[in-house]
Amino acid sequence: MNQNDVDSNAARLDLIVVGFTGELRALKLQARSLRLYAAANLFGTLYYVCNDNAFRHFETYIETQVKPELGALASSVCVVDYQKLLGKRIKITGWRSQQVLKLLMSRKVATKQYLILDSKNHFIRPFSASTFLSENGLLRAHSVPINPLFRRHFNAACTYFGVKEADDIKEALPTTTPFLMATKITCDLLDDVERRESKPFFDFFIENGSFNEFYFYVAYMLSKKNLMSQTYQESKKYALALFGGDANKPKRIEALMLALENTDICCTGIHRRIFEAGLLENLTVITAMWHRFGLVE
């Protein structure tokens with residue numbers, strides 16, 4: 001398969017962004033970065049999934065503020081009310097429901113693989129299908145050490161799917177976005193769990209706090225012989241994020257900004273807690289970075 005094949009319609013990605021009304025301005029910046037840096041014909045549908053109970057406000061913002069920033073991509077936008085996806089309204093939305101929605105959206109996706117972004121993610125360099133897919137169609141990913149904060153989630157998922165000696169597994173796919181998922185495998189995971197549990201996947205996942213979405217997906221793949229190696233290919237890191245824990249660490253954020261000099265990095269993300277902390281040093285270097293990459297004037 002040559003480069004033209006990788007960038008063909010067969011290699012298109014649907015995009016999933018699960019957000020809520022407290023992060024709407026970040027979606028506007030993200031949309032601008034997609035217009036500036038996404039290769040033509042890369043994306044199929046751009047799904048914006050509302051993860052709170054203010055859907056009308058969320059939808060209006062996407063229509064009036066986000067779509068104008070997307071340029072030609074605006075015609076591919078689909079705004080999804082989580083209630084339509086679940087078939088019900090829930091009292092508490094948040095991090096847990098966000099995780100499930102990322103997996104459940106596989107049932108709406110029309111492409112072989114889909115890309116998940118958080119609202120905080122935005123692109124800083126050109127990217128195309130070859131950023132995410134190898135020449136033979138494997139999904140590119142960068143393995144990282146198991147996140148100590150989520151080791152119990154990884155082990156619990158391995159136990160659920162019968163993966164032995166989870167403690168001996170030291171690396172896995174990251175638990176951060178951007179995250180590439182194989183559509184059929186994700187759908188198979190949902191079907192498998194619903195058969196086992198005799199209940200909707202959402203209910204099962206929300207009731208069991210032992211899992212997180214990405215390690216649950218990884219453990220399912222590890223439970224199937226050779227499925228991981230047949231689906232993913234190790235690649236260079238193409239994303240670098242600033243996390244909430246860095247909000248009061250200007251030196252850390254300055255170092256991460258320098259790391260963006262690596263031209264392999266095409267995507268970054270800035271957690272909203274960094275802005276909430278309001279440290280002038282942080283805001284100055286972040287604004288300078290946005291200006292450098294053409295995201296703000």
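User: How many bridges join strand 1 to strand 2, and which way do the two run?

Analyst: Bear in mind that this is a predicted model. Six bridges join strand 1 (residues 13–19) to strand 2 (residues 43–50), and the two run parallel. Within that pairing, Val18 sits opposite Val49 of strand 2.

User: OK, and what is the strand order in the open sheet of five strands?

Analyst: The order is 3-2-1-4-9, and the pairing is mixed. At the edges you find strand 3 (77–81) and strand 9 (179–182); each has a single partner strand, so one side of each has no neighbour in the sheet. From one strand to the next, the twist averages 25 degrees.

User: Which strands does helix 8 touch when it packs on that sheet?

Analyst: Helix 8 touches strand 4 (113–117) and strand 9, and its direction makes about 70 degrees with that of strand 9. Helix 10 also packs on the sheet, touching strand 4 and strand 9, and its direction makes about 40 degrees with that of strand 9.

User: And at what angle do the axes of helix 8 and helix 10 cross?

Analyst: Roughly 90 degrees, with the axes of helix 8 (residues 183–197) and helix 10 (residues 213–222) coming within 10 Å. Helix 8 and helix 10 are therefore roughly perpendicular to each other.

User: Which residues make the contact?

Analyst: On the helix 8 side there are Ile185, Thr186, Asp188, Leu189, Asp192 and Val193, and helix 10 brings Phe216, Tyr217, Tyr220 and Met221. By class, the contact has seven nonpolar, one polar and two charged residues.

User: Switching topic: what is the order in the open sheet of three strands?

Analyst: That one goes 5-12-11, with mixed pairing. Strand 5 (121–123) and strand 11 (239–242) are at the edges with a single partner strand each, so one side of each is left without a neighbour in the sheet. On average, neighbouring strands here are turned by 25 degrees against each other, direction ignored.

User: How many bridges join strand 11 to strand 12?

Analyst: Four, and strand 11 and strand 12 (residues 267–270) run parallel. As for a specific pair, Leu240 has Thr268 in strand 12 as its bridge partner. Helix 14 packs on this sheet too, touching strand 5, strand 11 and strand 12, and its direction makes about 150 degrees with that of strand 12.

User: Which elements give two or more residues to the lining?

Analyst: Helix 2 (24–37), helix 13 (272–277) and helix 14 (280–292) do. Helix 2 has the largest share, with six residues.

User: What is the lining made of by class?

Analyst: Nine nonpolar, four polar and seven charged residues.

Note on methods. Residues are numbered from 1 along each chain as its sequence is written. This is a predicted model: local features need pLDDT of at least 70, side-chain atom pairs count only at pLDDT 80 or more; totals for chains, interfaces and linings use all residues. Side-chain values use heavy atoms; hydrogens and water are left out. Axes are lines fitted to C-alpha atoms, for helices over the stretch in contact, and angles run from 0 to 180 degrees between N-to-C directions. Angles under 35 degrees count as roughly parallel, over 145 as roughly antiparallel, 65 to 115 as roughly perpendicular and the rest as oblique. Contact means heavy atoms within 4.5 Å. Ala, Val, Leu, Ile, Met, Phe, Trp, Tyr, Cys and Pro count as nonpolar, Asp, Glu, Lys and Arg as charged, and the others, Gly among them, as polar. Two strands pair if DSSP finds at least two bridges between them.
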